[in-house]
Amino acid sequence: MIREETIRALKLSLLSPNEIRKMAVAKIVLPQTYDADGLPIEGGAMDPRLGVLEPNYLCRTCGGSIDACPGHFGYIELAKPVINVLFARKISNTLKTICRKCSKIMLSENEKENYLEKLRLTSSPERRKKLLKEIKSKTMNKLKCPHCGAQQYKVKFIPPYFYKEITPKGPVTLNPAMIRERLENIPDEDAYLLGFNPEVSRPEWTILTDLPVPPLPVRPSIVLEKGGRAEDDLTHKIVDIIRVNNRLREYIDAGAPHHIIDDAWNLLQYHVATYFDNNLSGIPSAKHRTKRPIKGIAQRLEGKEGRFRSNLSGKRVDFSARTVISPDPLLDINEVGVPIEIAKVLTVPVRVNEINIEEMKKLVLAGPNNYPGVKYVRRPDGTKVDLRFVSDLEAFAEAVTPGYVVERYLMDGDIVLFNRQPSLHRISMMAHRVATLPYKTLRLNLMVCPPYNADFDGDEMNLHALQTVDSRAEAEELMLVEKNIISPRFGGALIGGILDHISAAYLLTKKDTFLNRKEAGELLASIVDYDELPEPAILKPVELWTGKQIFSLILPRDLDIDFKASVYQSPEEQMGIDLKTDSTVVIRDGELLTGVIDNNAFGAIVEKKLTMLDVITNKYGGKTAATFLNKLSRLLLRYITMKGFTLGLDEEDLPGEVKTRIKAIIADGERKIQDLIDKFNRKELQAEPGLTKEETLEIFILRALSEIRERIGNEVSKSLSLENSIVTMTQTKAKGSSINIGQMAGSVGQQSIRGRRISYGYIDRPLPHFRRGDRGAKSRGFVESSYKDGLMPTELFFHAMAGRESLVDKAIRTADSGYLQRRLIFALQDLRVENDGTVRNSAGEIISFSFGDDGADITKTYHGEIINIDEFKHKLERISKSAGRKLNNNKKRELVEKKLRDLPEKLRKEIINLFKEHNIDKGKMEEILDEIRKRWIQAKIHPFEPIGVITAQSIGEPSTQMTLRTFHYAGVAEKNITIGFPRLKEVLDMKKEPSTPSMTIYLEGDIKHDVEKAKEIAEKIKSLKLEDIAEKINVDPMEKTVVISLNMEIIKKKKISMDKIAETVSKKMKGETEIGENYLKTKSKIDSYRKFKERFIKLMNTTIFGVKGIIKTIVRKIEDEYVIETEGSNLRVVLKMEGVDKKRTTTNNIYEIYEVLGIEAARSAIIKEIKSILEEQGIVIDDRHVLLVADTLTFSGELKQVGRYGVSGRKASLLARAGYEVTVKTLANAAAQGEEDTLPGVVERIMIGVPVSVGTGAVELYTGEAK
Amino acid sequence: MSKKKPKFNIFEHVLVPNHIVLSTEEVEKVLRELNAARDQLPRIKVSDPALRNLEVKVGDVVKIVRESPTMGKSIAYRVVVE
């Protein structure tokens, strides 16, 4: 019988031999499976009592059919006990901590009581773990039992399952029977201290005396096409176990010699061990005859293809479709074009009621072979009717009454989910309305491409038809495209114009675009939902409308906004209102007065500027924004097809004189490089500090080369104007950059591998076309040609090399960032906003007191700002003209302070300043302040928002775009700093030491303005090892003497005392040191040569002078002061040095900050560090996300990494932990401890199949009459 | 290295926000407002350098006044643990 219940909790424990027998329905004794007739043998591995094998049979045990019978366990009685490998290590730890005689834990009664009390009191699994570890280390390897006084011997564990006791007489093997005996005698009380919960999991149950045989449905056999059966791996394994077990029993019964019995026993142990886990180190894995390794139980669960990750945390679904996508600019952004062929397969259940009954009857009548139509009908009694087999549809349709459920085909307007993988953020899956279309592709509006990251070079996408009213309502309210225009990552529009949208808008709205009545009418009609044409801008000789007039038709009526278009370049070019580029946009009352519309107005994913689209979406809501975008989409399509927009080869042509100039620039550059090389060859080149001469030369050459590219780029862009199609595209930010133009028209430039010029290949040259040792531009990958001219063979080769690198880089990057994303999601998934605004994890621990401190929902902000001051500026400008009794500034300030008390001070100041500039009366001002207040409150994030997942996605998704290139040379290769993705990983991994530790040392008082003083301190900080100050070292290993000739120059310069050095040497080498004029002579008293050598190497690495760990110092001017930057870090020491600013000096080693300045400082440092990584990479992530990550890493009082050993490892749910990285070990340990999982978080609930604990899953909707 | 070791107060460091020990009444008020048990608060180790100059014991709650990119200033609490 199967009962339906909701699982509320799940508890793991060990099975006792008794339980194994009790739950078994059959004792399995025979190694044979089927008899001659092919029927399963009773007592064999495929015993018919264990479940139904084939359809149409009934279960011998429960009478259920193949669908109803879940199967039943059997058991094997083992002739001798064997170790359960999953607990082998735990057994080892237990043996080491209990007395070999009395089996009591080797703690005094006092200690025992103490720990028991502590364990009882703690509820946190993390604390428990720590306590158990402490107990373990306290009791391990004691020599005498504190209870019975028995002498103890060391127990040696030889993985995977052997144990030896090292007795004075020599090592003695402990067999499972002996071990079991010891474990049996452990008192219950002591078991708790050993990490067992003896109520449900006695320690001795880790040693098997009986083995459960899993039910048949767990290991189904497959009927092969050519007849015969193929058995499951587990069945094979069980057969092996039975066979060996029987043999062992025979030997024992026959009284066979010990070694024979032991061999068989060992073999049984091997089979049982590999049955559980066939991936044990130390023993060969069990194989099939085909040499394919057998899948053990552990292998079924573990890893990406295992049960946990593949079937429990992710599930397959029905009612889905997938095919190639293509663009359709005439669809609304909320729509998805679905081929009829697909719509004719997917169904939606509709409950028949009084209102829809006629419609439903019509559909039923249409039957399963027509569209629209119905596939199945479910009667109120639950029977399902397949309409393909209904002969009289008319009669059937008549019989449909309210209460029937009709599974009709997908129709226009249905809500479906649409998704493109990789689903890196929540907007990778949005709800669309169905628009059925001919042909075979799924279609979407081009403006929705950016959030999906979709293009049409063969991309496929998935569609899911929603099956319940609740899910459709939820999808429509929360997931519809128009509700997701603003990114939760940075608070700007993700959906908006791309590519030709931008070019077209620019062409339409630029100053010299005039349209006659026919054209204007055509454009007007394209909008579909249009007003009338306005008065033409020009009446005579013919009526002409400006593009701006047409564009204004689709703007919201009362929109006031000013901003700079993308084509805006610099203030110099501006000159009042710039006449040339028309880049200052002014919109009043929804009328585009000046300026062109381009990327800065409605581009998708404009991270760094607040666009008009952002303002429209936020101010008027998603619906208005969607309407605007739909109209815009159609209007721009019509305009650009009407006008035409193309790009010709001749557009990359440069005038003759420009070409000559470019030639000259290249020649000049190459000459400069040659000069450098000559200088280097004459050995006149001065090496930069910390670099070799070769490196210095390379850097100078690279500089010269990038100068060439820059100059060419300038020449090219100077000679091309906005009339040029490419320039139109780059300047409006539709596509491409000036570098692309430069490469097409001017010169492709330097190709590089790992950030360096190409230098390997043949001996002393990259290709045989060059002279050996040639360091010139052309022979090291400088591509002089332009793409248009075409590349020379050598150039092409270099270009291909660089191209290959970027492909490889991309492949690695996606894998790396995918894993980071997975870890982030796991670490943060349970965090949610509570009703009180705090952010808590599934254990109810407070991670953050308010999300992002202000508790704002980023999708309701203007790029993170809750209040858009500009909006109110425009409002005030209007009001100011008709103000009544004007308020004075003090009154204004008072009013703001009173009404907007909760707002941050900085914002209040801005608001006060805004009001100061405008005249206003009290009533109006209060009205506006109330409006601001309202916006502030409306922007608050909703309770149960799964903010952890949103943050994880917001960091993970853009990390794909980060460069993998590790190093970054600040200025002239002064220091090497890890940046970008690897650095982000380092911070989130909470590495104890970064790969490139570095300090920024600020200086105190006047010293900071004094270069010389700064350099002096820098010199003091830089560490010198003994080997750095030694000129020559003579070691006599026979005499054990060391003679160190010292570099007296350094010693004098740094004022190092010889005595001190001598002292160090004496101490390290254990001997007397004789101090000479410029040498030290030590005679060591160490006997062993090996030790002497070790000591000597250590001595050489001893820091004699400066701050230990700091390898290099550089004095740099930052703004008006001198700052010391270092390679290597030692915050504790540097902060104690004279002249160092103790307030600002910092390091990139977060762990060090934690140790020296505490957890809160570490939190601040993490925030700073992540922000600087992102900024350097040009990636915009809202500060609130960074705060949440920093809070997650630090809330426990110590630094926790994003991953198994940190945040994810201390989760309350055992299922969540098992589903993450080390599945079987987690489960085994949980079973021993009798751990309970109350399903507090997200994944564990998904695994079980209950609604998740965040978002709409955390609330319930009750309907009914009010009491 | 210089022989003089001027003492430095880590609270002066820009990265270290102000830590203030709360009285019993204040703690109760905070916990009530947050509807949280003491062990649900973020934690700080009693050995934390930032607590060195404060008289705290395990179980105390410290109030931390942080700088905030969104609010200018923000207040957080941490319970002192072993």
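In the predicted model, helix H23 (residues 656–681) of chain A packs against helix H24 (residues 693–719) of chain A at an angle of about 170°, and the two axes lie 10 Å apart. This angle makes H23(A) roughly antiparallel to H24(A), because angles over 145 degrees fall in that class. From H23(A), the contact is formed by Val658(A), Arg661(A), Ile662(A), Ile665(A), Ile666(A), Gly669(A), Lys672(A), Ile673(A), Leu676(A) and Phe680(A). The residues they meet in H24(A) include Lys693(A), Leu697(A), Phe700(A), Ile701(A), Ala704(A), Leu705(A) and Glu707(A). Further along H24(A), Ile708(A), Arg711(A), Ile712(A), Glu715(A) and Ser719(A) also belong to this contact. By class, the residues of the contact of H23(A) with H24(A) are 14 nonpolar, two polar and six charged.

On the side of H41(A), the residues in contact are Ile1159(A), Ala1162(A), Arg1163(A), Ile1166(A), Ile1167(A), Ile1170(A) and Lys1171(A). H42(A) contributes Val1186(A), Leu1187(A), Val1189(A), Ala1190(A), Leu1193(A) and Thr1194(A). Ten nonpolar residues, one polar residue and two charged residues make up the contact of H41(A) with H42(A).

Chain A also holds an open sheet of three strands in the order S4-S5-S6, with antiparallel pairing. Strand S4 (154–158) and strand S6 (170–174) of chain A are at the edges and have a single partner strand each, so one side of each is without a neighbour in the sheet. On average, and with direction ignored, neighbouring strands of this sheet are turned by 30° against each other. S4(A) is joined by five bridges to strand S5 (residues 162–167) of chain A, and the two run antiparallel. Opposite Phe157(A) stands Tyr163(A) in S5(A). Helix H2 (residues 88–97) of chain A lies across S4 and S5 of chain A and runs at about 170° to S4(A).

Leu508(A) is located in helix H16 (residues 500–509) of chain A. This residue, Leu508(A), is buried, because 24 other C-beta atoms lie within 10 Å and the cut-off is 20 or more. With residues up to four places away in sequence left out, Leu508(A) touches Thr513(A), Gly547(A), Ile550(A), Phe551(A), Leu636(A) and Tyr639(A). Between the C-alpha atoms of Leu508(A) and Thr546(A), which are 38 residues apart along the chain, the separation is 8.3 Å.

Chain A as a whole contains 45 helices and 44 strands. Its C-alpha trace spans about 120 × 115 × 75 Å along the principal axes. Of the 1267 residues of chain A, 42% count as buried. Among contacts in chain A with a separation of 6 or more, 69% involve residues 24 or more positions apart.

The contact between the two chains takes 37 residues from chain A and 34 residues from chain B. Strand S2 (43–45), strand S3 (61–68) and strand S4 (72–81) of chain B each supply at least two residues of the side of chain B that touches chain A. S4(B) gives the most to this side, with four residues. The side of chain B that touches chain A comprises 20 nonpolar, eight polar and six charged residues.

Key
Residues are numbered from 1 along each chain as its sequence is written. Chains are lettered from A and ligands numbered from 1 in the order in which they are written. This is a predicted model: local features need pLDDT of at least 70, side-chain atom pairs count only at pLDDT 80 or more; totals for chains, interfaces and linings use all residues. A residue is buried if 20 or more other C-beta atoms lie within 10 Å of its own, exposed if 12 or fewer, and partly exposed in between; C-beta atoms are placed from the backbone. Two residues are in contact if their C-beta atoms, placed from the backbone, lie within 7 Å. Ala, Val, Leu, Ile, Met, Phe, Trp, Tyr, Cys and Pro count as nonpolar, Asp, Glu, Lys and Arg as charged, and the others, Gly among them, as polar. Two strands pair if DSSP finds at least two bridges between them. Axes are lines fitted to C-alpha atoms, for helices over the stretch in contact, and angles run from 0 to 180 degrees between N-to-C directions. Angles under 35 degrees count as roughly parallel, over 145 as roughly antiparallel, 65 to 115 as roughly perpendicular and the rest as oblique.
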